[in-house]
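This briefing sets out selected features of one structure, grouped by topic. Please consult the sequence and the model alongside the points below.

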Amino acid sequence: LGFAEKATPATLQRYREAELAHGRVSMLAVIGFLVGEKVEGSSFLFDASISGPAITHITQVPDGFWAVIIAFVGAYEASRAEAGWVDP
């Protein structure tokens with residue numbers, strides 16, 4: 001298809017790393033979705049107050065939880081970028 005015709009080897013390596021990172025995130029999301037369906041109402045998280053189909057769970061999670069998640073993911077991504085960044 002010619003998607004990488006103009007890409008340099010450094011750009012291709014960056015694309016590969018991004019592909020792996022996105023694949024890992026998507027696999028974790030699927031696992032989280034399936035676990036959310038299975039432990040509905042019986043989880044120790046959030047006092048077992050989250051119920052209903054897994055697609056609606058995101059709106060039931062307390063707001064402070066997302067700030068913590070974003071902070072941890074941001075810190076991890078920043079450290080990964082610092083350790084892995086090399087000028088092409």
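Predicted model: local features only at pLDDT ≥ 70, side-chain atom pairs only at ≥ 80, totals over all residues.

Helices are DSSP runs of H or I with at least four residues, numbered from the N terminus. By that definition, G32 lies in helix 1.

**Largest pocket**

- The largest pocket holds about 1200 Å³ of space.
- Its lining consists of 35 residues, and those closest to the pocket centre are L28, A29, G32, W66 and I69.
- Two elements, helix 1 (9–38) and helix 2, each give two or more residues to this lining.
- Helix 1 gives the most to the lining of the largest pocket, with 14 residues.
- By residue class, the lining of the largest pocket divides into 23 nonpolar, seven polar and five charged residues.

**Nonpolar surface patch**

- I58, F65, W66, I69, I70 and V73 form a nonpolar patch on the surface.
- Together, the residues of this patch have about 540 Å² of accessible area.
- W66 and I69 belong to the patch and are also among the residues closest to the centre of the largest pocket.
- V73, another member of the patch, is found in helix 2, which spans residues 63–84.
- V73 has a relative accessible area of 46% and is therefore partly exposed, since that class lies between the cut-offs of 20% and 50%.

**Residues of helix 1**

- G32, one of the residues closest to the centre of the largest pocket, counts as partly exposed because its relative accessibility is 43%.
- G32 and A54 are 22 residues apart along the chain, and their C-alpha atoms are separated by 9.1 Å.
- V35 is likewise found in helix 1; with a relative accessible area of 44%, V35 is partly exposed.

**Loop between the helices**

- S42 is found in the loop between helix 1 and helix 2.
- S42 has a relative accessible area of 57% and is therefore exposed, as the cut-off for that class is over 50%.
- S42 and I69 are 27 residues apart in sequence, and their C-alpha atoms are 22 Å apart in space.

Note on methods:
Residues numbered from 1 in each chain as written. Heavy atoms only, no water. Patch = residues over 30% accessible without salt bridge, like charges linked within 9 Å, V, L, I, M, F, W, Y side chains within 5 Å. Areas by Shrake-Rupley, 256 points an atom, 1.4 Å probe, with all protein chains shown as cover. Salt bridge = Lys/Arg side-chain N within 4 Å of Asp/Glu carboxyl O. Buried < 20%, exposed > 50% of the residue type's maximum accessible area, 1.4 Å probe, protein only. 1 Å grid on protein atoms, 1.4 Å probe; cavity = no way out; pocket = protein on both sides within 12 Å on 5 of 7 lines; lining within 4 Å. Points joined across faces, edges and corners; volume = space filled by probe spheres on them. Nonpolar A, V, L, I, M, F, W, Y, C, P; charged D, E, K, R; others polar.
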